[in-house]
Amino acid sequence: MTANEDQEMELEALRSIYEGDDCFKELSPVSFQFRIGDLDDSKSFLLEVSWPESYPETAPHISLDAFFNNRIFLETKQYILSKFSEQVEANLGTAMMYTLFEWAKENQETLMENHQPVTSAVTLISNSDVMNNSTSVSKKKEKKEQLTKAQKRKLIGRTDNKGELPRGWNWVDVIK
């Protein structure tokens, strides 16, 4: 069999195995994403795998660069990738995607044992900015607008007994 035939057979197998599984996403016929763990689990990560032309004789390209993985430390990512490269070496020459995905699911705890849930610096900065902005806005709201006696009389003359402006007070007449 040629490499392309092997890839097509493995692609069909992956599609049939992971059909309806929201953890598996086919980005293209040679590129996939697989989420290890639940969405709300802090130890979950997203694995991106792409096949080179000569796959399965050469190793697939495995990446943890997805935005989903931003909360994982670089050291943890490097550890996960080193463990994956060991698995790839052991399965080189055979269709290995299913084996890799299942191995990752079984060893998720081991792979993420050094992971400490982290919030990115960008999030921290934006939260502090939001807090500063909300306090400055609330200070501005506390200061009431000062009206002159003439402005107050004019405002009272336009409002009804409830203090509301009559319907259509700001409508503009359309001239034909």
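The following dialogue reads the features of a predicted model of one protein chain.

Visitor: How many helices and strands does the protein chain contain, and in what order do the elements run?

Guide: The protein chain has six helices and four strands. Read from the N terminus, the order is α-β-β-β-β-α-α-α-α-α. Of the contacts with a separation of 6 or more, 52% join residues 24 or more positions apart.

Visitor: Which residues have the most contacts inside the largest nonpolar core?

Guide: A core of this kind joins buried nonpolar residues through their side-chain atoms. Here the largest one has 27 residues, and those with the most contacts inside it are Leu 14, Phe 45, Leu 47, Phe 84, Met 97 and Phe 101. At least two residues of this core come from each of H1, strand S2 (31–36), strand S3 (45–50), H2 and H3. H3 gives the largest share, five residues. As for Met 97, its contacts beyond the neighbours within four places in sequence are Glu 10, Leu 14, Val 49, Trp 51, Tyr 55 and Pro 60.

Visitor: How many aromatic pairs are there, and which rings are linked into a cluster?

Guide: Two rings pair if their centres lie within 6.5 Å. The count for this structure is 10 aromatic pairs. One of them is the stacked pair of Tyr 18 and Phe 24, with 5.0 Å centre to centre and 20° between the planes. Tyr 18 also forms an edge-to-face pair with Phe 101, at 6.0 Å centre to centre and 70° between the planes. Because Tyr 18 lies in the loop between helix H1 (3–17) and strand S1 (24–28) while Phe 101 belongs to helix H3 (residues 97–106), this pair ties together parts that are 83 residues apart in sequence. Ring pairs link Tyr 18, Phe 24, Phe 32, Phe 34, Trp 51, Tyr 98 and Phe 101 into a cluster.

Visitor: Are Tyr 18 and Phe 24 buried or exposed?

Guide: Tyr 18 counts as buried because its relative accessibility is 4%. Phe 24 is likewise buried, with a relative accessible area of 12%.

Visitor: Where do Lys 105 and Glu 102 lie?

Guide: Both lie in helix H3, three residues apart, about one turn of the helix. Lys 105 is partly exposed at 37%, while Glu 102 counts as buried at 18%.

Visitor: Which residues make the nonpolar surface patch of about 330 Å²?

Guide: The patch is made by Leu 147, Leu 155, Leu 165 and Trp 169. Leu 165 is found in the segment after helix H6 (149–158), and its 31% relative accessibility makes it partly exposed.

Terms used: Residues are numbered from 1 along each chain as its sequence is written. This is a predicted model: local features need pLDDT of at least 70, side-chain atom pairs count only at pLDDT 80 or more; totals for chains, interfaces and linings use all residues. Side-chain values use heavy atoms; hydrogens and water are left out. Patches are made of residues with over 30% relative accessible area and no salt bridge: like charges are joined within 9 Å, nonpolar side chains (Val, Leu, Ile, Met, Phe, Trp, Tyr) within 5 Å. Accessible areas come from the Shrake-Rupley method with a 1.4 Å probe; for residues, only the protein chains shown count as cover. A salt bridge is a side-chain nitrogen of Lys or Arg within 4 Å of a carboxyl oxygen of Asp or Glu. Buried means under 20% relative accessible area, exposed over 50%, partly exposed in between (1.4 Å probe, protein chains only). Rings of Phe, Tyr and Trp (its six-membered ring) pair if their centres lie within 6.5 Å; planes under 30 degrees apart count as stacked, over 60 as edge-to-face and the rest as tilted. Contact means heavy atoms within 4.5 Å. A nonpolar core is a set of buried Ala, Val, Leu, Ile, Met, Phe, Trp, Tyr and Cys residues joined through side-chain atoms within 4.5 Å.
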